[in-house]
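Okay, thanks for coming, everyone. I'll walk you through one structure today, so let me put it up on the screen.

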Amino acid sequence: MAPSLAIKSVRAVTAGYGPQGRPFGRLVPTEELVKDIHPKRPAKAGGLVEDVRPSFVREKLGIASVATTHHTDALTSQTLARGDTASSRTVFNPDIDAMTARALHLALKDHARPARPESLAGHIHLSWSSDDRQMFALAEARRATGWHTPGLTTLHLLSGCAGMIEALNYAQYLLHHTPAGGEEDAVVFVTANNDLSAIAHTRGPCSAPDNEDLDQWLFPAIFGEGAGAMIIGHPDPAGGDWAVKDWAIEPVTEDWRVTMPPEQDTPHMVIRARGVGATYRTNIPRAAHRGLNALEPGTTFADLHRLCLHESNPRMLAEVANSLKAPDETVHSISATVGTLACVSAFTLLEEALHSHHPAPDTPDTVLCALIGDVAGSVAAGHIALRHRTATT
């Protein structure tokens, strides 16, 4: 069956990382980030002892620094100075809005097509939190790039690491069941961001029983801030784009590590950190093999241009890549430098994969993503299989 979707371009902006991200933040060393977080456990002989050294994240997970916007950096300093644990719950992050707009601008520049608002079939946004300001900021970003469409279908998906796969389902509908989708050059914008502002207050000393709970402090200690943008459209008959050959997502039914405790007065997601490794090591290889099987029979991981494994942390990623016998040069990773970027991880990985590909007779023309994470309040895993198209494919 002919592909129904194609990725035209994809870009990511990560706080403090690379020339695009440096204006928006800095890379905070993990030792600095966790120095005021003091989780403890009762010692066997009684009393309290420190459970985790400040170097734990770097040594055990391989994350040396975390991408942090200037805005969240300031909130963290405010929390530490004033002890105001509620200070960051109700604020907006202008750096995240600006990074998202910048990513969209870069993706449209790579797409290299004149702005045609009448061919914009919709805008899908992925993030783990939302507010009215964010949706208005997305509209302003479209207006700034010349793609302003009054009444545009705009969808916000409360999704984490695997949200990109679900976004493809919505993009397919918009490109085939809306008036704009009937245009030959029809496109859907997909954007995403990961914002730590809402949990900046957890980076300081906390009172019992939170200071005895690994899950309460590890979450803000490994997640970085970033934004991404992707342009999706119909496959171009002249080639030159990346056809989405196959994609699928399945629930991880044995996983209950993500919950929303009912006793909280605000939405509060708990990720049981000790359960992450087991679900990643089990489900990422499964998703990768399903995606590989969707490509041509006989394809191996060594035949790919890139194998994009969700960056939960660099140690687990390397372990799974080795188990799949994927050559080192096919597996790209930046999480040791920027931390885990949640749904933005798919954008950073695909950006590198597409930009590093140079068509030639002997160059592999396939890219495979295997993703796992929160999608609409539950854990799911899936794959995206891409093939670079020429006029004859």
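If you want a spot to look for, find Ala6, which stands opposite Ala243 in β10. Oh, and before I go on, please keep in mind that this is a predicted model.

Now zoom out a bit. Which sheet do those two strands belong to? They're part of an open sheet of 9 strands, and the order runs β7-β6-β8-β9-β1-β10-β15-β14-β13, with mixed pairing. At the edges you've got β7 (154-158) and β13 (306-309); each has a single partner strand, so one side of each is left without a neighbour in the sheet.

Which residues of α7 are buried? They are Gly163, Met164, Ile165, Ala167, Leu168, Ala171, Leu174 and Leu175. A quick reminder on helices in general: an α-helix has 3.6 residues a turn, so residues three or four places apart point the same way. Have that in mind when you look at Leu168, Ala171 and Leu175, which are among the buried ones.

Let me stay with Leu168 for a moment. Its relative accessible area is 1%, and because buried means under 20%, Leu168 counts as buried. What does Leu168 touch, leaving out residues up to four places away in sequence? The list is Leu5, Ile232, Val244, Trp247 and Ile384. Take Leu5: it is 163 residues from Leu168 in sequence, yet their C-alphas are 8.3 Å apart in space.

Last, the chain as a whole. There are 12 helices and 15 strands, and buried residues make up 54% of the 393 residues. Of the contacts with a separation of 6 or more, 80% come from residues 24 or more positions apart. The chain exposes about 16900 Å², with carbon and sulfur atoms supplying 54% of that area. Okay, over to you for questions.

Key:
Residues numbered from 1 in each chain as written. Predicted model: local features only at pLDDT ≥ 70, side-chain atom pairs only at ≥ 80, totals over all residues. Heavy atoms only, no water. Helix = DSSP H or I, 4+ residues; strand = E, 2+ residues; numbered from the N terminus. Buried < 20%, exposed > 50% of the residue type's maximum accessible area, 1.4 Å probe, protein only. Contact = heavy atoms within 4.5 Å. Areas by Shrake-Rupley, 256 points an atom, 1.4 Å probe, with all protein chains shown as cover. Pairing = 2+ DSSP bridges.
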